[in-house]
Amino acid sequence: MSESREKEVVAAVHPQLFIGGHWRDAEGGRTFAVEDPSTGRTLVEVADASVADGKAALDAAVAAQADWAATPPRDRGEILRKAFEIITERADELALLMTLEMGKPIKEAKAEIAYGSEFFRWFSEEAVRIAGRYSVAPNGATRLLTLKQPVGPCLMITPWNFPLAMGTRKIGPAIAAGCTMVVKPAALTPLSMLRLGDILTEAGLPEGVLNIVTTRSTGEVMEPLIRDPRLRKLTFTGSTEVGRTLVEQSAEGLLRVSMELGGNAPFLVFEDADIDKAVDGAMLAKMRNIGEACTAANRFIVHESVAEEFGSKLTEKMQALAVGRGTEDGIDVGPLVEAKQRDKVAELVDDAVGKGATVLTGGSAPEGEGYYYTPTVLSDVPLGARLAKEEIFGPVAPIFTFTEEADALRMANDTEFGLVAYAFTSDFSRAVRVYEGLETGMVGLNQGIVSNPAAPFGGVKASGFGREGGAEGIEEYLETKYVGIAL
Ligand code: NAP
């Protein structure tokens, strides 16, 4: 990719706040730098919102709420559909922008753009299917009417690992339901979201429905909004640690809350599994997004009789991956998002090795600029290793072994998290026992990917609550009202 094309794509972004349909600077003209993780160099300076800027964004969302709720569902759906089409047309430009700010290879960025835009198409279709019920009270004396109404102004806080899709998963159903919103993208990767602000405007979204606030004073700017009585919903995707704090803050306003938090996905391989398929699934579950996904397989729990074969086939595939700047052709693995992330991955690997794990491949960070980490497979990992409990968020596959099915399930569930699990087996009865026994919101059965806009995405336990996508996704943005009708 030429340097001039990269500059052009970054220059197309408004590096400002998007409030009430207008782009404007932050109070006092404050800005912060957004870096390219493959070089550590600044791509652009973006507006650094103050508390007053945050409040102005909520003011705009509140002002737009009544008219937006009254806008016909078909019109709301058509805006989403149009935005889906624009994103699809501009996939190349958007993918390059995403790769520059986040580091993932272009092909992964394109996959995210296809995935992320599908939430707009899906919810454009859901907008016109919001319905209630009518029934006769059991004693026959009255009639019971239930209707669905938009929750009201929402605050959406998103992480850096999927700079577009984690936003569209929230924005899509909110637009469909008739809610207005303030979106705060991650400070590391705000550019894709800012670009989306332009696209939704072009698609016809009225002023004030979507407001975007970028800031480095995140907690300080977000807390007053969460505590503002005009806000009705908080939806957050990010770490469990921050999620817990936000749930506490949201208690004051008794907000509707959705929390998409961290994961520690087990990937079970039984002795009757098709090992080649399991290895293909493992590559997807582990290496999608350079391992920087909440759904990333964190613990490979493999039957002892097939662990060696699984380990050596996985090692061969991991060694074949090309590591480099995401903008280059043929790259499979880009840099991690920042030095801190790379250092944490290295620390977890060193800890496992120190406790007795064997390095089958990788196990170190290459020299030079950028926050790269070599794709790594570890075998004979002891259960006491930190990465058995902590989210790795990098290209590292630790293999644990088991003997009995019950032990595999116990190991899989032995975590505070419960987002997703994967299981590979060709025995149908075992598959049912296993997917019923897994304490997670989602299960990939004989497949290494679960994300699908038509399915309800979300977790249990410390992975949070609420669902995004599917028929369930829009319910998060709707209130149920009941009207008792006397005859
Ligand atoms: P993070 O540190 O929790 O940050 C997520 C977002 O929260 C960012 O926008 C961040 O802003 C903001 N934030 C941080 N502190 C805050 C505070 N005190 N008040 C309000 N907002 C605050 O998480 P991350 O490192 O960006 O993302 C990785 C995590 O997200 C992983 O744990 C991953 O599993 C999880 N995740 C979950 C899902 C899911 O659907 N379950 C999907 C993707 C990722 P700044 O950028 O300004 O810090």
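Reader: Which helix holds T99?
Author: T99 falls within residues 91-102. The model is predicted, so local features need pLDDT of at least 70 and side-chain atom pairs pLDDT 80 or more, while totals for chains, interfaces and linings use all residues. Residues are numbered from 1 along each chain as its sequence is written, and side-chain values use heavy atoms, without hydrogens or water. With helices (H or I, at least four residues) and strands (E, at least two) taken as DSSP runs numbered from the N terminus, T99 sits in helix 4.

Reader: Is T99 buried or exposed?
Author: Relative accessible area decides this: under 20% is buried, over 50% exposed, and in between partly exposed (1.4 Å probe, protein chains only). T99 has a relative accessibility of 3%, so T99 counts as buried.

Reader: Which residues does T99 touch, beyond those up to four places away in sequence?
Author: A contact needs heavy atoms within 4.5 Å. Leaving out residues up to four places away in sequence, the contacts of T99 are K104, P105, I106, A109, G326 and T327.

Reader: What is the relative accessible area of T376?
Author: T376 belongs to strand 15, residues 376-379. Beyond four places in sequence, T376 touches M318, T361, G362, G363, P395, V396 and A397. T376 is buried, and its relative accessible area is 0%.

Reader: What is the phi of N446?
Author: Most residues other than glycine have a negative phi. N446 lies in the loop between strand 19 and strand 20 (460-461), and is partly exposed at 39% relative accessibility. N446 is not a glycine, yet its phi is positive, at about 55 degrees.

Reader: Which strand holds K461, and what is its phi?
Author: K461 counts as partly exposed, with 37% relative accessibility. K461 lies in strand 20. Although K461 is not a glycine, its phi is positive, at about 50 degrees.

Reader: Why do the buried residues of helix 14 lie on the same side?
Author: Helix 14 spans residues 428-437, and its buried residues are R430, A431 and V434. They lie on the same side of helix 14 because the arc they cover around the axis (by directions from the helix axis to the C-beta atoms) is only 100 degrees.

Reader: Which residues are exposed on the other side of helix 14, and what covers its buried residues?
Author: On the other side of helix 14, the exposed residues are F428 and E436. The cover over the buried residues of helix 14 includes strand 12, helix 13, strand 18 (420-424) and strand 19 (442-445).

Reader: How many cavities of 30 Å³ or more does the whole structure have?
Author: On a 1 Å grid over the protein atoms alone, a cavity is a set of points where a 1.4 Å probe fits but cannot get out; a pocket is an open set with protein on both sides within 12 Å along at least five of seven lines; lining residues have an atom within 4 Å of a point. Points are joined across faces, edges and corners, and a volume is the space filled by probe spheres set on them. The number of cavities of 30 Å³ or more is four.

Reader: What is the volume of the largest cavity, and which elements give two or more residues to its lining?
Author: The largest cavity holds about 70 Å³. Its lining has 15 residues, and P266, T415, F417, G418 and T440 are the closest to its centre. Two or more lining residues come from each of strand 12 (265-269), helix 13 (405-413) and strand 17 (417-418).

Reader: Which helix gives the largest share of the lining of the second largest cavity?
Author: The second largest cavity has a volume of about 50 Å³. Residues L284, A285 and K286 are among those in its lining, as are Y422 and I449. The largest share, three residues, is from helix 10.

Reader: Which helix supplies the largest share of the lining of the largest pocket?
Author: The largest pocket has a volume of about 1,300 Å³. Of its 41 lining residues, W160, G238, S239, E241 and V242 lie nearest the centre. Helix 8 (218-226), strand 10 (233-237), helix 9 (240-250) and helix 12 (339-354) each supply at least two. The largest share, seven residues, is from helix 9.

Reader: Which helix gives the largest share of the lining of the second largest pocket?
Author: The volume of the second largest pocket is about 270 Å³. Its lining includes E3, D36, L100 and R325, and strand 4 (41-47) is one of the elements that supply at least two residues. The largest share, four residues, is from helix 1.
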